[in-house]
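This report covers a few selected features of one protein model. Please look over the sequence and the structure before reading on.

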Amino acid sequence: MTLGFVKDLTIDGTAVSFKVQLTTPACPVKEQLEAECQVRVAALDGVESVIVEMTSQVRQRDTKQDDLIPNVKHCIAIASGKGGVGKSTCSVNLAIALAQSGAKVGLMDADVYGPSIPLMMGAQDEKPYTLGNKIIPIQRFGIHMMSLGFLLEEGQAVLWRGPMVASTVRQLLADVEWGDLDYLLVDLPPGTGDAPMSLAQLAPLTGVVIVTTPHHVAANIAGKSVQLFRRLNSPIMGVIENMAGFVCPNCNTVTQIFSGTTGEELSQHLKVPYLGSVPLDPTVSDAGDRGIPSIIARPERPQAAAFKEIAGKLAQQASIAAMTRKDLIKPGDASERPRFEPAV
C-alpha cells in the first residue's frame, strides 16, 4: 500500500477484498502478482476468504504547452540501423499485443519513403477523412493508425528532401486526432536520417526500441542508430532480436539459421535492456503480406507468444520511465539537449 498499488481495501469479518492497480495492463507478472496477493493475505490470522481484482492505469507523462500529442501517455519509437530486419513487422505485432492486453494503442508509420503499415494491416485501400482541422486515424484490429501511405496514390514515390520529411513527421503527430492513448508506437525508417532525428526532436519520446537480427552487420549498424538517439537525449528502452532460431513445426527443434551477433549480446554491449527475441517463422511474413498480422493470423505459433512477452517487457520499461521521470525528455527543453554533431 506504500506504493499506492492497493486500492479499495474492504474487510468484512473474515473476508478481505481489494484492487491492485498496475501501471500497465500489459504487466508481464500480472498473474504472478495476483497469486502472490492471494497467498499472502490468506495466510493472515482471521482471514478466510480473499478477493483480488487486478486493474491498471497507465501513468501520464509530464506534458508542456507546446506538446504535439498531449493525450498520449507514452510515445515509443521502433528503430533499426538497417532495412530488412523486420522493424515494421515488430511494430505492428507489438501494437496489437499491447491492445490485446487492454491498452489503448496507436501506430504511426513515419517511414515516409517506404510506408508499409497500410499493407501489413490490410488497410491499403483505406483513405482517412478530416473532422475540423484534424485527420481521423484508420482503425484496424483495435489500433488507431496513420501513415503517409494512406494519402498517396498507389505506386506513387516520395521524392522529398530533409525539410519536407521533417514537416511530414510533425504533421503526422500534430494534425492527427490520436485521442487518448496509452501507447503510440512509431515505426521509423531504417538508418539515422531526417525522420529519426525529426521525431526525436519533435516528439516527447518515452524511449526508443532497437530491432536487430543475428548478423554482425545488423548489430554494427544498430549500434550507430543507438549513438544517434543518445546524442539526441532519447532513452534507449531495449533491443529486440528478430529472425532468431527457427522452430520446426513438426518436432519443435530450434535451429539457429544465422550465426552473427545476437540481440542479447548486442544489448549487453550497448548496456541497455534485452526485451527478447522473435523466432524465424515463415508464417510471420506470409501473414503480413496478407494484411493480417501474425499474432492474429497464427496465435498458436511461438512467434505470437514472443511478441506478447516482448510487449509486456516494453510496457514495463515505459512504466519504469514514468515512475522515475528522470528519463523523460520533453520537446522544447533545449537546456537538456546537447548540441547535435553528425556521427562520423
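## Terms and source

Helices (H or I, at least four residues) and strands (E, at least two) are DSSP runs, numbered from the N terminus. This is a predicted model, in which local features need pLDDT of at least 70 and side-chain atom pairs count only at pLDDT 80 or more, while totals for chains, interfaces and linings use all residues. Residues are numbered from 1 along each chain as its sequence is written, and side-chain values use heavy atoms, with hydrogens and water left out.

## Alanine 315

Alanine 315 sits in helix 10 (residues 302-324). Its relative accessibility is 1%, so alanine 315 counts as buried (buried means under 20% relative accessible area, exposed over 50%, partly exposed in between, with a 1.4 Å probe and protein chains only).

Leaving aside residues up to four places away in sequence, alanine 315 touches Thr24, Ala26, Leu98 and Tyr183; contact means heavy atoms within 4.5 Å. Valine 58 is 257 residues from alanine 315 along the chain, and their C-alpha atoms are separated by 9.3 Å.

## Helix 8

In helix 8 (residues 282-289), the buried residues are Thr283, Val284, Ala287 and Gly288. Seen down the axis of helix 8, these residues fall within an arc of 135 degrees, so they line one face of the helix. The arc is that of the directions from the helix axis to the C-beta atoms.

The buried residues of helix 8 pack against helix 2 (87-100), helix 3 (117-120), helix 9 (294-297) and helix 10. Pro282 and Asp289, on the other side of helix 8, are exposed. Glycine 291 follows helix 8 and has a positive phi, near 80 degrees.
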